[in-house]
Structures are given as C-alpha cells and as structure tokens.
Amino acid sequence: MVVGQTLGHYRILEKLGAGGMGEVFLAEDTTLKRQVALKVLPPDLAASQNRLDRFQREAEILAALDHPNIVTIHTVEEAEGVRFLTMQLVEGKRLSELIPKGGMHLEQIFDIAIPLADALAAAHEKGVIHRDLKPGNIMVTDNGRVKVLDFGLAKLRRDSEAEMATQLPTEPLTEEGQLLGTAPYMSPEQVEGKMLDSRSDAFSLGIILYEMAAGARPFQGESSVSTMARILEAEPQQLADLRPELPPEFLRIVRRCLRKRPEDRYNDTRDLLVALKDLRQDSSSHLSGQIAPARPSPPVIRPHSWRLRVAVLAALLGVLALVPGVFVAFTLFSDLSAIRATIGVVWFGLIYGVLVWAVSCSFASRHDQRFTHAAASPTKHKEASLPERP
Ligand SMILES: Nc1ncnc2c1ncn2[C@@H]1O[C@H](COP(=O)(O)OP(=O)(O)O)[C@@H](O)[C@H]1O
Ligand SMILES: [Mg+2]
C-alpha cells in the first residue's frame, strides 16, 4: 500500500501508524469527500483465517460500541483483494507521545483517566474486554478528547472459554505474547494465559494511571520475559516516593488497580470511574477551600462585629448614664435617707440602660440586614431582623 494509491473509492494520503494487526492510513473517501482512517490487513496476515476472523471481530465490536471516547467505525470493505476497515479520523496525538518524563499534573491525569475509564466501563457493560490497553492505543485529539483505538485483540466475554480451549495450546509463545497483549501493560492473569475478564483491563488501566503520574512504567524489565516476570511477582516503586504531592486517595486507586489478584481490584469498572470522579471533585473543592480565606471576609461575620460594637457602646452609655443619674437622684431626693437615694439611682440607671439597649438593638438589626441581605427587597426586612444564623 503506497501513498497516492487508490483502494476502491479511497485515495491513500499518508501513513498514520502500524501495529500488530496491520497498517493505518489517512485516506480520502472520494464519494463522501471526507477524510477517514483506513486500517488494512496486510496480504500475508490476510492469508490466516484466524487474522481474518480477528479483523472482522474488531469491526463488529467497534460497531457495537457507541461511545464518545471510542473511535467510530464507518465500514468494513474489500477492494482489489485487500481487506480494510474505515474509521473516523482522529486528529491528535497518541497518549504515549504526551506523557512527560516527570509525569503529568493531576488535572491532566483526570482529563484522560476519567473518559478512559468511562469508555472502558461502557465496553465492559457490553461484554467487551479490550485486552490491549496501552498509551499507544489511546489518542487525545487536539481539543482534548480521549479516543480508545484498536479493539483488534478485544473479544466478547462469551468467546473466552472457546478460545482458551482451542487456541492457546497450539500457538507458539512469541505468537501468543504478540496476540494477547503488549508485555508492559499485561495483567498477571494475561501473562499466565488465564481466562480474562474486565478486571484485566482494569490492571492495564492501573499501569497507564501509574505511568501518567510517574512518567515511567511500573513494571519494566530488560526483556519482555523479565517485564512479565515483574508483573507476576514484583511490587512497583511506590508512587508516593515519586510524587509525594499527589492525594493519598489517588495512590490508593492506582494500588487497587494494580493488585495481583483480580478479586482484590475494582470488581466493576464503573466503581473505578466513580472513585476517580469523586476524587476529582474532592480535589477541586479542597483547592477552592484553600483559596477561600484569601477572599474578602464573608458578610455573615459583619453582623457579629456590629452587635459587639453596639453592645459595647450601650454598656458605655449605661455607665455614663450613672453620673447624671446619681447627680439628679441626690438633688431630687436630698431630704431622703441614703438607702432610698441609692435605690433611686440604681432604678434610674437600669431604666436608662434598658432604653439604650433596646434602641441599639434595633439599630444593630438594621445593619445586619444590610450586610446579610444586600439584595433583599424592603418587604423582606422583617424576616431579616429575626435572630441571626450562627
Ligand atoms: N482512527 C484513527 N485515526 C487516526 N489515527 C489512527 C486511527 N486508528 C489508528 N491510528 C494510528 O495507527 C496506529 C495503529 O493503529 P491500531 O488500531 O493500534 O493498529 P494495530 O492493531 O495494528 O496496533 C495507532 O497507534 C494510531 O497512531
Ligand atoms: Mg495498536
């Protein structure tokens, strides 16, 4: 297949990539006048019935999955003896090209991990297991949308048993490794050639989460075999040592995905999705909580300070009132006994104090209203002068 060649009503424009299942080209659909991605099964692979079946199955699985984060298939066709499928063209970069050495910011991780988990949960709910989830099979478009590609190794759960019975014992190890996944992203049960369910994809997703955070894979040997041995036996370097600033809950989620035994991982991919979404929400509210003190003092604090000020003023006025009170009492009741004069002074002081207190309270509640109900209409003033909230 070369650039400029036509295949049916498609003109090949550029090679986009290649993998275990074939080559992918940018092509122009000359009848619909649009660009598509065209995945070709090379003639040598097309000779194998097994590969032809897988190709057909990829097309059927993609057609069954309708999700914004899974690439859309248009057609599966044959022209000039070449079998190919056409897909929506995803313009962007592979996730493998986007992970920097020191890892990504938490927000970027969420931007990718949440749609990714959403796409996987949708596939799992339809009984589809991807089995080859890795950054090279995930694209991020120029406007940030995540697209899962390459369901070439995917299968429906109900196929698993039949395939286990017929395929594995007859395939040589290299072929098996190539067919059943990509070493650094395999789950322990995948390495062991056991039957897989959605929890195997959750393990691969855990590896991707770890890699996005650390900038390096959790299990990396010198060869595929030593990498697979590590997946089976070794614990990865603690993410907390590499990225101590990440929230502990994020580290827990990754650890749970990477548990060796499938039953110790998330049972359901939707639970993993919810855990990621909750954590994102908590992290953003935690952040805004940190910013809050920098904002202007919340208005509800003001009524307290007004009440305090008015109370102090009232108390001062009350004390001051005692001076004229004593003077007036002694002038009026000079002929009476000292005890009566004192009682008179205390009464005078009390009545004066209560009056000042009442006036100042109504003054204070009018201020409360202004600060707590700045937009309230005058008809709401009565409500506003009710006892204030704590
Ligand atoms: N729909 C698409 N739009 C744009 N590029 C694509 C598309 N599908 C695949 N590619 C590119 O081709 C590469 C190989 O495709 P993939 O489906 O993973 O094939 P394989 O099964 O051979 O690994 C991808 O890594 C990606 O770069
Ligand atoms: Mg691929």
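Mentor: Let us begin at the ligand, where strand S2 gives the most to the shell around ligand 1, with 4 residues. Strands here are DSSP runs of E with at least two residues, while helices are runs of H or I with at least four residues, and the elements are numbered from the N terminus. Before going further, please keep in mind that this is a predicted model, in which local features need pLDDT of at least 70 and side-chain atom pairs count only at pLDDT 80 or more, whereas totals for chains, interfaces and linings use all residues. As for naming, residues are numbered from 1 along each chain as its sequence is written, and chains are lettered from A and ligands numbered from 1 in the order in which they are written.

Ligand 1 is surrounded by 21 residues, the closest being Gly17, Gly19, Met21, Ala37 and Asp150; a residue is near a molecule or strand if its C-beta atom, placed from the backbone, lies within 6 Å of it. Two or more residues of this shell come from each of strand S2 (10–19), strand S3 (22–29), strand S4 (34–41) and strand S6 (82–88). By class, the shell holds 10 nonpolar, 8 polar and 3 charged residues, where Ala, Val, Leu, Ile, Met, Phe, Trp, Tyr, Cys and Pro count as nonpolar, Asp, Glu, Lys and Arg as charged, and the others, Gly among them, as polar. Domain 1 (6–87) and domain 2 (92–288) each supply at least three residues to the shell, with the domain bounds coming from an automatic or database domain assignment.

S1 and S2 are joined by 2 bridges in the antiparallel sense, with threonine 6 opposite arginine 11 in S2. In the hairpin of S1 and S2, which leaves 2 residues between the strands, glycine 8 has a positive phi near 60°. The pairing of S2 with S3 is also antiparallel and runs over 8 bridges, and a hairpin connects S2 to S3 through 2 residues.

S5 and S6 form a hairpin with 2 residues between them, and glutamate 80 in its turn has a positive phi of about 50°. Contact means that the C-beta atoms of two residues, placed from the backbone, lie within 7 Å.

Beyond this sheet there is an open sheet of 3 strands, ordered S7-S9-S10 and paired in the antiparallel sense. Strand S7 (92–94) and strand S10 (146–148) each have a single partner strand, so one side of each is left without a neighbour in the sheet. On average, neighbouring strands in this sheet are turned by 25° against each other, direction ignored. Strand S9 (residues 138–141) is joined to S10 by 3 bridges, and methionine 139 stands opposite lysine 147 in S10. H4 packs on this sheet, where it touches S9 and S10, and its direction makes about 35° with that of S10.

Conventions
Two strands pair if DSSP finds at least two bridges between them. Axes are lines fitted to C-alpha atoms, for helices over the stretch in contact, and angles run from 0 to 180 degrees between N-to-C directions.
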